[in-house]
Amino acid sequence: MPSSWSLLLRLVLPVFWIGLLVGVSFLATPVKFQAPSLELPVALDVGRVTFALFNRVEWALAILLAFAALISGFPRGWTLLLGLIAILLALQTFWLLPELNERVQAIIAGEMPQPSQHHMLYALAETLKLLSLLGMSILSALRFPSLLRR
């Protein structure tokens with residue numbers, strides 16, 4: 001039987017990650033491009049640095065979530081969602097971020113790269129991570145005993 005604190009960890013970590021994801025990907029990033037005094041190359045460079053750090057934070061959270069699942073048992077649906085998140089993170093880390101960083105470097109150098117779908121795929125991955133984390137949060141809330149007693 002998993003302890004209450006390990007179940008709580010499985011609830012708190014996804015909710016915390018949702019807050020970070022919404023704040024970084026869905027709020028701060030789009031708003032940055034609406035600032036009229038911020039030139040595109042600078043905004044892109046800030047985004048590149050932000051998403052590089054955020055990617056490392058997300059890997060740390062994924063490892064913590066895997067640890068939480070290990071100590072509290074591996075509920076099937078929750079683990080499948082964590083696996084999907086890990087796949088999405090790997091795609092972002094090893095394919096999408098390097099491609100987007102190359103585009104940013106080209107724009108900073110004054111070039112105009114060919115149109116690509118990498119940014120849209122990155123946004124899709126962010127949305128799928130958000131939905132997966134929401135699902136994990138719901139599944140965890142349903143298993144947390146004190147939440148069910150209310």
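A helix here is a DSSP run of H or I with at least four residues, numbered from the N terminus. Keep that in mind for every label below.

**Whole chain.** This is a predicted model. Show the C-alpha trace first. Along its principal axes, the trace spans about 60 × 30 × 20 Å. The chain has five helices and zero strands. Read from the N terminus, the order is α-α-α-α-α.

**Colour by pLDDT.** The chain's mean pLDDT is 91, and 93% of its residues reach 70 or more. Which element has the lowest mean pLDDT? Select residues 145–148: helix α5 has the lowest mean, 58, while α3 has the highest, 96. Where pLDDT is low, predicted coordinates should not be read in detail.

**Select α1, residues 4–32.** Helix α1 has 29 residues. From first C-alpha to last, α1 reaches 40 Å, close to the 42 Å expected at 1.5 Å a residue. Now centre on G23. A kink of about 30 degrees in α1 is centred there.

**Select α2, residues 40–72.** Helix α2 has 33 residues and reaches 46 Å between its first and last C-alpha. Step just past the end of α2 to G73. G73 takes a positive phi of about 95 degrees.

**Stay in α2 and show R48 and D45.** Side chains of opposite charge can pair when their charged atoms come close. The side chains of R48 and D45 meet in a salt bridge, at 2.7 Å from N to O. Why are these two separated by about one helical turn? Because R48 and D45 are three residues apart in helix α2. A search of the whole structure finds three salt bridges.

**Open the largest pocket.** Its volume is about 630 Å³. How many residues line the largest pocket? The lining has 23 residues. Pick T29, F33, L44, L100 and H119, which lie nearest the pocket centre. Next, colour the lining by element. Helices α1 (4–32), α2 (40–72), α3 (76–108) and α4 (118–143) each give two or more residues to the lining. Which element gives the largest share of this lining? Select α3, which supplies six residues.

The lining of the largest pocket holds 13 nonpolar, six polar and four charged residues.

Technical notes. Residues numbered from 1 in each chain as written. Predicted model: local features only at pLDDT ≥ 70, side-chain atom pairs only at ≥ 80, totals over all residues. Heavy atoms only, no water. 1 Å grid on protein atoms, 1.4 Å probe; cavity = no way out; pocket = protein on both sides within 12 Å on 5 of 7 lines; lining within 4 Å. Points joined across faces, edges and corners; volume = space filled by probe spheres on them. Nonpolar A, V, L, I, M, F, W, Y, C, P; charged D, E, K, R; others polar. pLDDT = per-residue confidence, 0-100. Expected span 1.5 Å × (residues − 1). Bend = angle between axes of the 7 residues up to and from the residue. Salt bridge = Lys/Arg side-chain N within 4 Å of Asp/Glu carboxyl O.
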